[in-house]
Protein chains: 2
Amino acid sequence: MSRPAVHPVEPPPLIDGRNDEAPPRRVRMKDVQGMPGTPAGLALRLCQFIFTVISLTVMATTSDFPSVTAFRYLVAAVGLQSLWSLSLAMIDAYALCVKRSLRNPALITIYAIGDGIISTLTFAAACACAGITVLISNDLNRCDINHCKRFMSATAMAFISWFAVSPSFFFNFWSLASR
Amino acid sequence: MSRPAVHPVEPPPLIDGRNDEAPPRRVRMKDVQGMPGTPAGLALRLCQFIFTVISLTVMATTSDFPSVTAFRYLVAAVGLQSLWSLSLAMIDAYALCVKRSLRNPALITIYAIGDGIISTLTFAAACACAGITVLISNDLNRCDINHCKRFMSATAMAFISWFAVSPSFFFNFWSLASR
């Protein structure tokens with residue numbers, strides 16, 4: 001920590017009794033709502049889980065989704081994200097119940113990397129499906145023989161779940177960089 | 001600027017004449033290669049520019065690209081990214097020539113936000129085109145009547161340019177969070 005004060009005499013002992021050898025490692029992360037272990041963080045995770053499950057259900061119950069690679073990929077990506085979000089929601093809920101802090105650099109690193117990878121996969125799947133849905137509905141006008149509405153709903157839900165993952169990723173990445 | 005020296009007597013006036021009231025704002029950012037104003041940063045920008053221009057050229061010279069929304073969107077996205085990367089490459093080159101530092105918080109914020117938006121647009125366009133290209137080539141086997149190779153090349157170049165933007169974004173975001 002940079003200390004603007006200048007001590008020509010013996011400096012007084014620090015209030016919280018910490019030693020001064022490695023101050024940046026001792027700094028506790030700030031308790032920002034939306035980070036792991038906070039109620040807002042848990043709400044974000046539950047939001048992600050709900051939207052990915054809706055997207056997965058809508059896409060997986062469409063009869064002809066296995067014929068298109070991008071739709072199969074969407075099912076895989078949102079399936080993976082639902083598992084990830086559910087696991088972290090359970091960890092958050094547990095941490096809130098026992099009132100333990102999850103703001104530990106190693107954990108935040110894992111969360112930031114995991115969120116980064118999972119959100120990129122979901123976004124890529126949603127974009128690929130959006131491209132194909134627009135191709136079918138606007139460019140080819142083949143909605144009569146395809147389940148355009150179901151494809152659109154699944155794609156929209158995947159985008160919403162990506163929007164819900166992004167704040168988690170940014171909070172974790174930011175707190176990782178600013179610790 | 002942080003000064004390790006301790007002055008028990010009257011401190012000498014600062015060289016650059018700044019006042020000492022807000023020390024954390026005066027801390028100079030570290031000179032990490034890849035950040036704006038460094039040779040590696042300039043190389044990254046030039047890389048981005050070259051790959052987006054190749055992608056743009058390949059896609060725009062394909063006769064039937066305007067019939068597919070995702071391909072038109074790719075042209076728009078990589079066009080925008082080529083302009084952005086070229087502008088920042090020119091600023092970097094100028095800063096290197098006159099040996100001026102670009103590590104200023106306001107500038108880094110603009111760079112981080114711009115890189116974040118532009119890279120997301122390019123990635124979305126590349127994913128949408130990849131979804132359609134895979135649909136045409138693998139799922140429908142219609143490569144005989146479509147320019148599959150050109151679409152694939154343009155998509156691949158867009159992905160490579162996204163890979164080249166990501167480090168710039170991460171460097172800027174990281175240095176913004178850790179200042």
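Predicted model: local features only at pLDDT ≥ 70, side-chain atom pairs only at ≥ 80, totals over all residues.
Colleague: Which three residues supply more of the area that chain A buries than any other three?

Modeller: Those are Phe173(A), Trp174(A) and Ala177(A), which together supply 23% of the area that chain A buries against chain B.

Colleague: And how many residues does each chain bring to the contact?

Modeller: Chain A gives 25 residues, and chain B likewise gives 25 residues.

Colleague: Which elements of chain A give two or more residues to the side that touches chain B?

Modeller: They are helix H4 (105-139) and helix H5 (148-178) of chain A, and the largest share of that side, 10 residues, comes from H4(A).

Colleague: How do the residues on that side divide into nonpolar, polar and charged?

Modeller: On the side of chain A that touches chain B, 18 residues are nonpolar, six are polar and one is charged.

Colleague: How many salt bridges does the rule find across the interface, and how many residue pairs in polar contact?

Modeller: Between chain A and chain B the rule finds zero salt bridges, while it does find two residue pairs in polar contact, both at pLDDT 80 or more.

Colleague: Changing topic, what rotation superposes chain A on chain B?

Modeller: A rotation of 180 degrees, with 0.0 Å of shift along its axis, superposes chain A on chain B with an RMSD of 0.0 Å, which means that the two chains have the relation of a two-fold axis. The same surface serves both copies, since 96% of the contact residues of chain A recur in chain B.

Key:
Residues numbered from 1 in each chain as written. Chains lettered and ligands numbered in written order. Heavy atoms only, no water. Contact = heavy atoms within 4.5 Å. Buried area = accessible area lost by both parts, 1.4 Å probe. Salt bridge = Lys/Arg side-chain N within 4 Å of Asp/Glu carboxyl O. Polar contact = N/O pair within 3.5 Å; in protein donor to acceptor, adjacent residues only side chain to side chain. Helix = DSSP H or I, 4+ residues; strand = E, 2+ residues; numbered from the N terminus. Nonpolar A, V, L, I, M, F, W, Y, C, P; charged D, E, K, R; others polar. Least-squares fit on C-alpha atoms with pLDDT ≥ 70 in both.
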